[in-house]
Structure formats: C-alpha cells, structure tokens
Amino acid sequence: MSISFRLLGPLRVERDGRPVVLPTGQIQQLLEILLFNAGQVVDVATIRDLLWDGDAPAGYRKLVQVRVSQLRGIFATAPVTITGSRLGYQLDVPPRSLDLQEFRDLVARAKGQEASAAEVLLRQALDLWRGPALAELAGAFRGVRPATVLMEEYLSAVESHAQAALTADQTTDLADRLLGVLAQHPLRERLRALVMLVLHRSGRQGDALSVFDEGRRLLATELGLDPGAELRAAHDAIVHSTPAAAPSSRTGRVADYVPAQLPADVRGFAGRDGELTRLTAILDADERESTAATIVALSGTAGVGKTALAVHWAHQVADRFPDGQLYINLRGFGPAGKVMEPAEAIRNFLDALGVTPQRMPAEFDAQTALYRSLLSGKRVLVLLDNARDAAQVRPLLPGSPDSMVVITSRTTLSGLVATEGAVSLTVGVLTAPAARELLGRRLGHERIAAEPAAVDEIVSRCAGLSLALAIVAARAATRVTFPLAAIADDLRSAGGGLSHLDGDDPATDIRAVFSWSYQVLDSPAKRLFRLLGLHPGPDFTIAAVAALAGLSRNDVRPVLAELTQANLVTEHLPGRFALHDLLRNYARELADHEDSVADQRLAIERMLDYYLLSAEAADRLLFPIDGDPAPYENVHNVMVEEFAGTGSVLAWFTSEYALLLVAVELAVAVGFDMHTSRLAQALNNNFQLAGQVHDHVAVQRAALAAAIRLGDTAGQAYAYSSLGRASARLERYEEGLEYMQRAMALFVELDNEVGIERTELSVTHLYAMQGDYARAMVHSRRALALSQASGHLIAEARALNNLGWSLAHLGDTEEALRHCERAQTLAEQFGGVIDRGTTTHSIGYIRHKLGRHHEAILDFRRALQLFEQLGDEEYVIEFLVDLGEAQRAVSDVDSARRSWQRALAIADRIEHPYADPIRARLSELAEVAPRTS
C-alpha cells in the first residue's frame, strides 16, 4: 500500500492513488501540524497553541488525545506511525511520501550545483506548490506561524531559482510568474530586484524600471525607507546596459479580454480632414519611435465636435489596436458639476479588461498599478472623453509605450503638454464647406442645393458649431415639407443666434438653438424636458421618467416620443433614453427659471420614491426577512416595478445598477436622508450577489451618515451591520467584527429582535469565512435561540442551516444533518431562492461526508440549479466542485470530470482562486479509468 501527503497547498492525502476523505476542522489541522514536523516530536503545548491560539479549553489534553486516536484510526492500515510519549507526538511517514520533504530535499540538492542544474532542481521544487499552505492554523510555532515559515522557504526558493535562471540564461516565461509572486509580496526587495533583471533580460526594460519605481514608492510610503543596495544595483545595471534579448513589444498579441468600447460612429460626419490626417501622422510616428505612451489632447469649445472627431478617427484606426479600445466619458463638464473621479474610471476600465470583483484591489493606487500592468506590452487605444483637467486624467495614462491615449476636453490641458509631453490639437469650428457637407449628408444634397441662400444663413448662424448644426438638421429632417428658409428665419429672429461663438463659453450662444427646439414643443413636452434636467443620468427608463413627471407610463410615452423626435432626447438603447450634457444643463436652467424649488424637489422625491420602492420590492422577493420593516410609504402613488419572479428581479437589478448608485448620490446631494438610508438597505443583498464590494462600502457609508443626521438609530445599526459584511468580504475581519458589534449594541438598545438576529447571523458568516467554525457555532446557536423565541421562521431556518454547517465542519455530521433538514423544511415554506439553495447544498455536503453520495449528488444538482438562476458564479463553482466530489466517490469519473470542467471554465473566466485546485482535481482524474457499464 502506498500513501502520499500534500501539504504545499490545500491538504490532500492519497492512498494507492485515491483521495482519503478527512474530517474537516481539528483533525486536518492536527495532521498538518504533525506533517509540518514529520519525524520530530511535537509537544502538547505547541499543539494546544496551534489549535486554539491561546483560547484552549480546560480539558485540551484529553481532546488532543482523542484527535490523535482518530488520526491513528484513519491511517490504521497505512504505512504511517504516530507515536506518543510524555513529551508529545511524532508522525513518521514513508520516504518520498510528503511533498514538503521532497521540496526541501530538492532545494538542498540545488545548493552547490551549476546554475543550469540548480535551475532545473529549483523549478521542480517550486512546481510542488499548489497554493498557500497551513493558512488555517491560527496559533504560532516557536513564536512564528507555520504558514509564515513555509512561505519564507517558498520565497527563498523562488529567489534562488530566479538567480539560477539568470545565470544560466534560462528566463523564458519566468517574468509573468515572478510578477505574480511579487504582487503578493511587494516589499521583498531581493525578489523585486530579480524581477527587474528578468524583465530586462526579456527585453522589457520599461516594465523593469516601472517595477523599480513602484518599489521605491511602496518602500517610502509603507516603511519610510529608500531602496536598498541590491535594488539600486539592479536599477543601475538596467539603466546603463542593453538587454541580452530585446524582442519587439509590438507583437499585436490579443489579450484574453479584448475591450471594444468605442461608441457608434457619427452619422453624417463631415470635414476635419486636417485633424484626421494629423492624428494618423501622430500614430505613425508613435509606432516608429515612441518610448512612452503617446497622448493627444483634443481641446475646443463646447459643442464643436471634439467627441465626434475622436470617435470617427478611432473607428478608422481600430484595427491598428488589436488588443482593444477603451472609452469613457469623464463627465468633466457634466450636469451639476458631477465629475467622474479617476477611481471610478479605473474600475470601469478594469472591468472592461476582465478583472473580476474578486481580483479587484481594494486601494486606488493598487488599482492603478494593475491597470497599467494589464496594458503593458499591449496595443490599446484609450479614448478619454470630456475631461475636466490634467489631474483627472493622469491616473488613467498607461505606463508603457505601446498604447495611445486620445483625450477630449474644453480646456487645453496644458499641464499634460508640459509634464507628460502630450500633443495638443485645437479643434476649431467647421469651415463653411464642411458645414454644408454635414447638412447635405443629413438632409440630402438635392434639398441643400435647392436653397443655397437659406443654407448659407443656417451655416452662418450656427457658426460652424457641430452640435448646433446637428440640432438644426434634426428639425429639418423631421419636417421635410418645411422650407429651409423658414428655419433660417427662426435662427435670425433668435436675437443674435450663435454670433458670439468666439468667446470662452458658448453656452449662452447655443441657447438660441436649444430654445428654438424647446419653444415648438407642446406644453407637456416642455415640462418633461425641464424635469429631465433634474435626473442625474447617465440615462433613464420610461418608468423613472413617469415617476419624475408624476404621470402614468402610458401617458408619459407620447410626451417622451415628442422629445426624441425633436432630437432633444436620444433612445440610445431600446427603452433607455439619454440627454446630451449641454441639453441637460439647458433643461436644468429652464427648470430653475420656470419651476419653483418646491416643484423641483417634489419631482426628485417622486423619482427617488420609484427607485426606493422598486428596490425594496425586489429585495423582499429575493431575500425575505421575518418582521421586515414596512415598505416606504408610497405617498405620491408612483408606479412601482412589479416582479414576476427571481429572474425579473435579477434582470432589473442588473439593468438599473448604475442608476441605483446615482440615485443614492442624488439623495445625498439634495438632502433626502431617508431615501439614502433605506435605499442602501434595499441594495445590501444585491451588492453581495453582484460582487461589487467597493460600491457596497461607499453606499453604506453614505447611509450611515444619513442615518446619523436623521437621528435614526435603527438606520445606523443597519448601516453598521452592512459595513461589517462588506469588510468581511474584503477580508478585513477585525474591522468587520467591530462594525457588527456596533450594530448589535444599537439593536439591543432598541430591543430590535430582527436586527439582533440578522447581526448574529452576519457574525456567524464572518467567523465561518475565516474557518473558525467553533465561534461560528456559538453565534449560530444564539441566532437560533433568538429566532425560536420570537417565532421568526425565516431567521430560524438560516440559523439552523448555519449551525448545521458549522457542526459538519467540526465533525458532528449526524446532528448537523438534523439541523439542516429542519432548515430546509422552513426554507421551502417561507424562504427565498437563496435560502432554498443554501440549505439544500448544506444537506448535500453533510450526506457526502456521511457516505450517502447518491443522495448528495441529487442535493448538489438541485442547489446548483437554484443558484444558476441567481447568476452567482462563486456559489456555482463551489457547488460544481462538491458535485464532482460526490460523483467521483461513486466512481462516476466521467460525470465528475464534466462537473469540474464546467467549474474550471467559470473559475478561469472570473479569475477565481478555485481555478488551480479544480485543475489539480482534473489532473488526478486523468489517471483514473472512466467507469464502465
């Protein structure tokens, strides 16, 4: 009989090539302790400290004896010996059966070898690692955590391997692997120096220097230190030498995620031949000789056509950027001065580049570094539209020379020209021939030729402003029987029209064109247009517009259609509408002039009522709660969304996600604190499903501030509880527990049974996420007692399920199953789809541990089906992995392989940490013959 132990990563034991199922909890932890010290006696005090971290029960010695006895039973027929003495316990395993011993042996053999031989041995040693080891051991061994000891051995081997590879000139494909390790240990100077040298050897000198700059900044900010001698020496060697191999970085290779974010090309685009030629010439020069990212700043007055020019040119050259095109509207001169923060733009770009919420760094500097790393060596066109100033743009600039950035702004961005070497292009008004060509393409050349004098008048009055010409063309296009002379007369009678476009701010001049479009509207359309200036954007639906106007959806549709036909509103997606920024500003000015402050606030309140009431209805359907507070009172009788089921709820949350965030911001800005607080509560569970932890934190902080202003103690408690959940998802467990304790204190003060129960359940999850199932069980029992006393059956179901899950991980599977079966019964009667899915999965997990694998397979399939409805891919991965384990346990190897292949496809796509363990499972299956019938 053969046996093998894999400690360098998640613990895994195999007997005769087949996995040994180990009880979770302290059994596995004790085995890890003994394996870590294989061949040596481990005293009982050390075992105590590692298992209980200073919080051991009085009878811990007896518990250690019981756990040792259980281990001996598991390995009774294996060539493994566990001996006990008055000093402690010692585990002896067969030679070459423990990967840690093999790793250490390979590292030792590499010492003193020639570089090429050492590189091979060290590579073999590093390949044994499958992930972090011993991370779940809470205590310390001789003052240092075992995981820390092993990680230091691993990092030393990584550095030794890199040094050997450099000496042997065998650095192919090494750079990316080292960068991944450095990202986890950014303050390790020797590792950073070796990464720089490997990048340099690979011809990536710019990336190597960027790694040095990042290290210098981190050392200064985190430790208050300058780079050490080894790091400085690597920097000097790179600066004063030429790489041994310098392959071209312009390979045109396509990334796994290739963004294509350019807006649609502009219909009827005309003129700008000089600007288009200049942009292409800059691109050609960039490809020949650039050593830094090429930056072009297109500046010009509002409405002159900067965006149209940039988008049109970008479409012409898109094929020269095979790694994609990124676009974002920075709202530098948007409505109400709401400028996009660089952090929001970076997160949008990281989303477009395929970075999942799980991989998204928490801090802005780390997000910026990741963004630049992802663009390094790639040919990407970055279009930054409507920028406010240089400070807003700088964090969005790539760090390598391969990408190109085009920026549009009303300002010259002279700071970028001076410090970043940006090329400045001023976009002037259209020439008269170009303006005539634009009108001809939109209205037809025959119509233009028929009234040359009127066309000349229109072109003159529009003064070459593209937006003004577009609005005039839209009016003429929808009134084909109107003579163009009539339109020219309207412009002439507007009191000077656009005659002052040479000024710094064209807003007052373009009002003539806007007012001309506005004045021909019917009264209901005029009112709606004014009210749309109050909507925060970026777009809106008929339902939101109906609430804003205080109309039914049927009544608002024809009014909105009139605005769309007048080209004042654009239906950019089916059922979704938007205003141009200048039009929104103009609408807001009209509202300020014609509508009272009270009427404006009432319209905003109706719109916020729609978002709040709809979000609460959606959340109750998705995640029902006993004794949930009554819905926000619909005093204005707005039409609330009606949801047919889980699918419609999820679709609504997805489509309205950005608007719900903006609604919270608007509620804060106008002082509707109750909307802020309650809308944050309604979005709490959706943030968790969507994986958007950064938005979760921002919204809940706003809710907390609003609740404090209101003096709403319950609102403060709910916000603290939600912040605790978000902190736990960021693995800031101490911070999360502190928030939850604040919430608990307030709920106890209020005698709020629902809040106390929900917070106890949240604390349970926090401890379970850390693998501390003993503490999780304590809080599960508290939640269970509270829910049973209050008669809250949904809370009881969740407490029972959490308790069963903790007991299962602590080895008490029979009692765990009883609790989870009771939880499932309650969830089927009173819970939502999440409750039904989690309880069913828990039962499957326990049945699998009990050896009832066929039943477990059915449970896992049903839980999987429920969570696939939710689109929660993290849970889907977990359920597929468990399903595969149960299928393998009944020797259905083919089905297990299919389950894990599905899980791996999802995990790879969202870059989930489960990917490597799943890949390892599939590798193991490759050696197992499929089941034969």
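How many residues lie between E13 and E14 in the hairpin that they form, and which residue in the turn has a positive phi? Two residues separate the strands, and Gly 575 in the turn carries the positive phi, of about 80 degrees. The structure is a predicted model, and its chain has a mean pLDDT of 85, with 92% of the residues reaching 70 or more. The points below take up confidence, then the sheets and the hairpin, and then the helix pairs.

**Confidence in the model**

- Over residues 242-256 the pLDDT stays under 50, and for this stretch the model has 29 contacts beyond four places in sequence.
- Residues 495-509 also have a pLDDT that stays under 50, here with 20 contacts beyond four places in sequence.
- Where pLDDT is low, the predicted coordinates should not be read in detail.

**The five-stranded sheet**

- An open sheet is formed by five strands with parallel pairing, and their order is E8-E9-E10-E7-E11.
- Strand E8 (325-329) and strand E11 (423-426) are the edge strands of this sheet, each of them pairing on one side only, and the twist from one strand to the next averages 15 degrees.
- Within the sheet, strand E7 (residues 294-299) pairs in the parallel sense with strand E10 (residues 404-409) over six bridges, and Ser 299 has Ser 409 in E10 as its bridge partner.
- Helix H12 (residues 306-317) lies across E7, E8, E10 and strand E9 (381-387), and its direction runs at about 160 degrees to E10.

**The three-stranded sheet**

- Three strands form another open sheet, in the order E4-E6-E5, and here the pairing is antiparallel.
- Strand E4 (41-43) and strand E5 (81-84) each have a single partner strand and stand at the edges, so one side of each is left without a neighbour in the sheet.
- The twist in this sheet averages 25 degrees from one strand to the next.
- E5 is joined by four bridges to strand E6 (residues 88-92), the two strands running antiparallel, and Ile 82 stands opposite Leu 91 in E6.
- Helix H1 (residues 26-36) packs on the sheet, where it touches E4, E5 and E6, and its direction makes about 75 degrees with that of E6.
- Helix H3 (residues 60-74) lies across E5 and E6, and it runs at about 155 degrees to E5.

**The hairpin strands**

- Thr 570 has Ala 578 in E14 as its bridge partner.

- By class, the contact of H19 with H21 has nine nonpolar, no polar and three charged residues.
- Helix H17 (residues 432-443) packs with H19 at an angle of about 115 degrees, their axes being 10 Å apart, which means that H17 is roughly perpendicular to H19.
- The crossing of H17 and H19 is right-handed, and the contact is made by Ala 432, Ala 435, Arg 436 and Leu 439 of H17 together with Val 455, Asp 456, Ile 458 and Val 459 of H19.
- The residues of the contact of H17 with H19 divide into six nonpolar, no polar and two charged.

**Helices H35 and H36**

- Helix H35 (residues 793-809) packs with helix H36 (residues 813-830) at an angle of about 155 degrees, and their axes are 8 Å apart, which means that H35 is roughly antiparallel to H36.
- H35 and H36 make a left-handed crossing, and among the residues that meet are Leu 800, Gly 804 and Trp 805 in H35 and His 819, Ala 823 and Phe 830 in H36.
- The contact of H35 with H36 has, by class, 14 nonpolar, four polar and three charged residues.

Notes: Residues numbered from 1 in each chain as written. Predicted model: local features only at pLDDT ≥ 70, side-chain atom pairs only at ≥ 80, totals over all residues. Heavy atoms only, no water. Axes fitted to C-alpha atoms, helices over the stretch in contact; angles between N-to-C directions. Parallel < 35°, antiparallel > 145°, perpendicular 65-115°, else oblique. Left-handed = near helix turned anticlockwise from the far one by under 90°. Contact = heavy atoms within 4.5 Å. Nonpolar A, V, L, I, M, F, W, Y, C, P; charged D, E, K, R; others polar. pLDDT = per-residue confidence, 0-100. Pairing = 2+ DSSP bridges.
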